[in-house]
Amino acid sequence: MSSLAMVLLILLLGSLLLNGLNQQRVAHIRRVTTESVSLRQYAAVQSAMEWGRVQKWQSESVLQCLVHPGEPWKVCLRIFADNRVLLAAASGEQRLWRGGHVERNEVVFSPHGWSDFCPLKETALCELP
């Protein structure tokens, strides 16, 4: 009888151990999937930013927005009174911003690249309509 109890105890402990390992595996898969989706969205918003940077923007309009015809990208350019500009790009939940200025009726973007946070004090001006 004691050997049967020992076998059942070993089976119970093994079952608990396997269940714990399975829960860890599921949690790890969830983390990897979330990270993978986030990386894809980040790459997409970087592509949206570059696509928006090479578009021909009018230097007279205060706010202009474009939507990519084949991708879920949206980019908006805001021109301020002092000829500074802010390009905002969005893809999914990700957002990027890039500053610049208007020079000789052309939009020139900063060579220092984009920012992953709103560079303005007035965060409402960083929102995409």
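Visitor: Is Cys 76 buried or exposed at its relative accessibility?

Guide: This is a predicted model, and every value given for it is computed from that model. The relative accessibility of Cys 76 is 4%, and a residue counts as buried when its relative accessible area is under 20%. Cys 76 is therefore buried.

Visitor: Which residue forms a disulfide with Cys 76, and where do the two lie?

Guide: The sulfur atom of Cys 76 is 2.0 Å from that of its partner, Cys 65, and the two form a disulfide. The pair links distant parts of the chain, 11 residues apart. Cys 76 belongs to strand β2, while the partner belongs to strand β1. The residue asked for, in strand β1, is Cys 65.

Visitor: Is Cys 65 buried, partly exposed or exposed?

Guide: The relative accessible area of Cys 65 is 32%. Buried would require a value under 20%, exposed a value over 50%, and anything in between is called partly exposed. Cys 65 is therefore partly exposed.

Visitor: How many disulfides does a search of the whole structure find, and what pattern do they follow?

Guide: Two disulfides are found when the whole structure is searched. Besides the link of Cys 65 and Cys 76, there is a disulfide between Cys 118 and Cys 126, with the sulfur atoms 1.8 Å apart, and both Cys 118 and Cys 126 are buried. When the bonded cysteines are counted along the chain, the pattern is 1-2, 3-4.

Visitor: What angle about the S-S bond does the link of Cys 118 and Cys 126 have?

Guide: The link of Cys 65 and Cys 76 is right-handed, with 110° about the S-S bond. The link of Cys 118 and Cys 126 is right-handed as well, and its angle about the S-S bond is 60°.

Visitor: Which strands do the buried residues of α1 pack against?

Guide: Helix α1 covers residues 2-53 and spans 76 Å from its first C-alpha to its last, close to the 76 Å expected. Its buried residues are Val 45, Ala 48, Met 49, Trp 51 and Gly 52. These buried residues of α1 pack against β1 (63-67), β2 (73-79), β3 (84-91) and β4 (94-103).

Visitor: What accessible area does the nonpolar patch on the surface have?

Guide: Ile 10 lies in helix α1, and with a relative accessible area of 54% it is exposed. Ile 10 forms a nonpolar patch on the surface together with Met 6, Leu 9, Leu 12, Leu 13 and Leu 16. The accessible area of these residues together is about 600 Å².

Key:
Residues numbered from 1 in each chain as written. Predicted model: local features only at pLDDT ≥ 70, side-chain atom pairs only at ≥ 80, totals over all residues. Heavy atoms only, no water. Helix = DSSP H or I, 4+ residues; strand = E, 2+ residues; numbered from the N terminus. Expected span 1.5 Å × (residues − 1). Buried < 20%, exposed > 50% of the residue type's maximum accessible area, 1.4 Å probe, protein only. Contact = heavy atoms within 4.5 Å. Disulfide = S-S within 2.5 Å. Patch = residues over 30% accessible without salt bridge, like charges linked within 9 Å, V, L, I, M, F, W, Y side chains within 5 Å. Areas by Shrake-Rupley, 256 points an atom, 1.4 Å probe, with all protein chains shown as cover. Salt bridge = Lys/Arg side-chain N within 4 Å of Asp/Glu carboxyl O.
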